[in-house]
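Have the picture open as you read.

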Amino acid sequence: MELRMTTTFPDISISTERLVLRPYEESDIPAHTEMMNDEMVVAWTSVPHPYTTADAEEWVRRIAPSERTEGRGVVLAVTEFLTQRLVGTIHLRNTNWRTRATEVAYVTAPWARGEGYATESVLAVAQWLFRDQRFERLELRTAADNTASQQVAQKIGCISEGVLRNAWIARTQTEDGGWTDIRTDLIVWSLLPEDLEGAADQFTDAGYSSFTDWN
């Protein structure tokens with residue numbers, strides 16, 4: 001008898017005290033375009049630059065939904081609960097359904113930085129992954145000089161596992177305002193279900209509510 005496994009994530013929304021993580025909608029296209037043209041995003045991600053409305057339309061209509069339906073992962077728009085504005089994105093990718101492991105990537109919009117939104121949203125996704133989806137490993141890769149991203153990994157309780165040397169191409173701005181590619185190392189972080197217990201307690205102490213109210 002062949003054992004059938006679920007190999008797609010459900011079509012979900014996840015709520016935290018301040019945020020709603022949900023699938024992208026057409027109305028997100030202008031804000032997503034603006035977010036992806038931010039200097040920090042250009043520097044540390046591989047998104048097209050300049051990032052056009054057509055790029056955002058392709059992302060919202062085709063790329064993001066197919067990540068889920070084709071079993072690679074899931075893409076969630078991170079929005080403020082009160083204002084409903086787009087403040088970031090979370091992308092689970094390179095999912096291995098046999099080992100129940102996946103990689104998380106995230107972007108925070110420039111108008112929403114310094115609020116702890118990346119930490120709150122990644123932690124919520126990690127809890128959903130481990131509790132509801134029975135995953136056993138969440139991996140995160142940060143460019144060597146991307147300290148903001150590394151702080152998120154540390155805050156949620158990730159363990160640094162090592163360095164992938166020369167494994168990423170970041171971008172740096174030139175004197176004339178253009179961008180040029182630079183090779184860089186990647187730091188690999190991981191989070192396992194048992195690592196989360198401490199992180200969740202820390203968050204409760206810091207005044208965050210629990211992340212148990214799934215939709």
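## Before we start

This is a predicted model, where local features need pLDDT of at least 70, side-chain atom pairs count only at pLDDT 80 or more, and totals for chains, interfaces and linings use all residues. Residues are numbered from 1 along each chain as its sequence is written, and side-chain values use heavy atoms, with hydrogens and water left out.

Helices and strands are DSSP runs numbered from the N terminus (helices: H or I, at least four residues; strands: E, at least two).

Let's begin with H3, which covers residues 53-69. This helix has 17 residues and spans 23 Å from its first C-alpha to its last, close to the expected 24 Å at 1.5 Å a residue. That expected span is 1.5 Å times one less than the number of residues. H3 also bends by about 45 degrees at Trp59; the bend is the angle between axes fitted to the seven residues ending there and the seven starting there. After H3 comes Gly71, with a positive phi near 85 degrees.

Which residues of H3 are buried? They are Ala56, Trp59, Val60, Ala64, Ser66 and Glu67. Buried means under 20% relative accessible area, exposed means over 50%, and partly exposed is in between (1.4 Å probe, protein chains only). These buried residues pack against helix H1 (29-36), strand S3 (74-80) and strand S4 (86-96).

Glu57 sits in H3 and counts as partly exposed because its relative accessibility is 27%. Leaving out residues up to four places away in sequence, Glu57 touches Ile29 and Arg62, where contact means heavy atoms within 4.5 Å. Glu57 and Ile29 are 28 residues apart along the chain, and their C-alpha atoms are separated by 6.4 Å.

Pro48 is found in the loop between helix H2 (39-44) and H3. At 40% relative accessibility, Pro48 is partly exposed. Its C-alpha is 8.9 Å from that of Asn37, 11 residues away along the chain.

## Glu103 in strand S5

Now hop over to strand S5 (residues 101-108), where you'll find Glu103. Is Glu103 buried or exposed? Glu103 is buried, because its relative accessible area is 8%.

The side chain of Glu103 makes a polar contact with the side chain of Asn94, at 2.9 Å. A polar contact is a pair of N or O atoms within 3.5 Å; within protein, one must be able to donate a hydrogen and the other to accept it, and residues adjacent in sequence count only if both atoms are side-chain atoms. Beyond its neighbours within four places in sequence, Glu103 is in contact with several residues, including His91, Leu92, Leu138 and Arg141.

## The empty spaces

Rolling a probe the size of a water molecule over the atoms shows where empty space is left. On a 1 Å grid over the protein atoms alone, a cavity is a set of points where a 1.4 Å probe fits but cannot get out, while a pocket is an open set with protein on both sides within 12 Å along at least five of seven lines; lining residues have an atom within 4 Å of a point. Grid points are joined across faces, edges and corners, and a volume is the space filled by probe spheres set on the points.

The largest pocket has a volume of about 1100 Å³. Of its 43 lining residues, the closest to the centre are Trp44, Thr45, Ala105, Tyr106 and Val107. S5 gives the largest share of that lining, six residues.
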